[in-house]
Amino acid sequence: MSEAAFELIHETDHGATVAGRSKLKDGFGRMRRNKMAMVGLVVLAIIVLACAFGPFVLPFDPNQSDFDSISIPPAFAGGHIFGTDDLGRDLLARVLEGGRTSLLIGVLATIVAITIGISYGSVAGFFGGAVDTVMMRIVDVLYSLPFLFFVIMLTMVLGRGIESILIAIGALLWLTIAVIVRGQTLSLKHKEFIEAARAGGMRPFAIVRQHIIPNTIGPVIVYASLLVPEVILGESFLSYLGLGVQEPQSSWGTLIDGGAQAMDTAPWQLIVPGLFLAATLFSLNFIADGLRDAFDPKDR
Amino acid sequence: MLRYLLRRLLVSIPTLFAIIAISFFMIRIAPGGPFDANRKATPEVMANLNKAYHLDEPLPEQFGRYLWGVLHLDFGPSFKYRDYTVSELIFRGFPISLEIGLWAMLISATIGIFLGTFAALKQNSAWDYTVMTIGMTGIAIPTFVTAPIYQLIFGLALGWLPVAGWDGGWQHKVLPILALSVPNIAAISRLTRGSMIESLRSNHVRTARAKGLGVRLTVTRHALLGGLLPTLAYLGPATAGIVTGSVVIERAFAIPGIGRYFVEAASNRDYTLVMGTVIFYGVLIIIANLIVDLMYSLVDPKVRYE
């Protein structure tokens, strides 16, 4: 079809051109009308920006003790807006520093999980048959394992620290993504464009990489948005139990653990990191809900 | 029915085997032997220790021995608490964890279903939004944040209940059960609301109303049965959630249940105890899922046991 003919299709009776509507644009349009999702997006953006740039702006070092100001309650005077901990370290600085760890793990472990899930699910779905049966049977078995306990065992094997948490959570959270992508692949693989690629002599793995995977991205994005809060929660859970992020590094989980121990004398040490964690999880959940409503055709 | 039960039991065997195998081999790759913490022992002593714990045998043989032991509920000796076997520790902690877990399950199912149904009946009213906001809050704030807050409010500020500890009295059980129930109440009420709204719109409910049946009877006799199916199915994952939650709760409230042994074992690198508890939890979750599946098949005539 020539360029001119293509233009004609978009010409209406009045001669005005109508802009093409993409699924993505439609979805984000619906998303923008979802108030809770937009509030979540704004709150999350504030937290992320604060964690990213706050440590450069704040006059306090998160690891610098100030023995003249130990355990002062939150107050605007003196500059410690959220107070200090029992070693005199500024709590806001520590929460932002810990937030970097928590958010970073949340995003990176999700990427690990998505990568494994997409590759696994698309291969299982595309090749079908015995390959599919065996691969999905493995997923079934892994599904029934108590997830966080295996993460804990895996971190015992890998040694404690941020990297091993990343690997452990990412290595165990890909299951649902694999199932979703497999389902998508099954419905895609008999479409004409796949047939065409096959007829054109494309190798199976190349088809999976270039034609199947890009078409499964939509539902994957929706599910990934649900995964991020789950990872952040898992990491804080481990760190709270003392099995995750280790000193001198900190995350929201380790701060909450410390705060819980100092709770009777300095409750703000628990409440401030707790609020940051809860606000983040809240926003991520609302955003995920909004994304699902906007992009999942089933619920419309 | 019996055949269905048997088949479900057979299906859980490979899962169980996978749990045992993965735990066993994962722990074997973990760095450091169980006796590294001891003062530098002479090679002869180390050899004797390894021999006593069968660590000198080839790996498949050790695995076979372990598997055989697990079948007899023998998880081997604890490497840290030398005088106890893992089974003794597990069965000392389990009754306590079970009691709290069962109460939490019962309370969250009852209140969750009630709130969810209530919200569905008053859909889009202020009541509905209140219940759903509470639900969202309950899900988004993790137990390791809420538990200390309850301790702060009810234990320290109001002084109504003990902050932590365990003597078997009811006062020590209230706060842990509360902390463990709230997230599940939230999840169950959200789920029930969704499925009840759907159920209330279905044809058979409309027919029941049209032939003059009162609201109360329509809801209890017709709408609830269909509306509760997803909730029933959720009870399986909910068990897993309560098991995981109990780990946090037992640490926060200093309760001597299995969860605390597990966390201590994980930080002490008490490998046999970690393996034992993970396998025990796995079995527990499998049994819970089995029970839920059976109940589901009893309630829902659409489930066929071919």
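Mentor: A helix here is a DSSP run of H or I with at least four residues, numbered from the N terminus. In this predicted model, α6(A) is followed by A:G159, whose phi is positive, near 90°.

Trainee: How many residues does α6(A) have, and what should they span?

Mentor: The expected span is 1.5 Å times one less than the number of residues. The 12 residues of α6(A) should therefore span 16 Å, and the end C-alpha atoms are 16 Å apart, which agrees.

Trainee: Which residues of α6(A) are buried?

Mentor: A residue counts as buried if 20 or more other C-beta atoms lie within 10 Å of its own. In α6(A) these are A:L148, A:F149, A:F150, A:V151, A:I152, A:M153, A:T155 and A:M156.

Trainee: Against which helices do the buried residues of α6(A) pack?

Mentor: Within chain A, they pack against α7 (162-172) and α11. In chain B, the partners are α1 (2-29), α10 (229-252), α11 (258-268) and α12 (271-299).

Trainee: How many residues of each chain are in contact with the other chain?

Mentor: Contact joins 31 residues of chain A to 36 residues of chain B. On the chain A side, α6 (147-158), α11 (217-240), α12 (252-261) and α13 (268-295) each supply at least two residues. By class, that side has 24 nonpolar, six polar and one charged residues.

Trainee: Where in chain B is confidence lowest, and where is it highest?

Mentor: Where pLDDT is low, the predicted coordinates should not be read in detail. In chain B, helix α2 (residues 43-52) is lowest, at a mean of 75, and helix α4 (residues 86-121) is highest, at 87. The mean pLDDT of chain B is 81, with 95% of its residues at 70 or more. For the complex, the predictor gives an ipTM of 0.78 and a pTM of 0.80.

Terms used:
Residues are numbered from 1 along each chain as its sequence is written. Chains are lettered from A and ligands numbered from 1 in the order in which they are written. This is a predicted model: local features need pLDDT of at least 70, side-chain atom pairs count only at pLDDT 80 or more; totals for chains, interfaces and linings use all residues. pLDDT is the predictor's confidence in each residue, from 0 to 100. Two residues are in contact if their C-beta atoms, placed from the backbone, lie within 7 Å. Ala, Val, Leu, Ile, Met, Phe, Trp, Tyr, Cys and Pro count as nonpolar, Asp, Glu, Lys and Arg as charged, and the others, Gly among them, as polar. A residue is buried if 20 or more other C-beta atoms lie within 10 Å of its own, exposed if 12 or fewer, and partly exposed in between; C-beta atoms are placed from the backbone.
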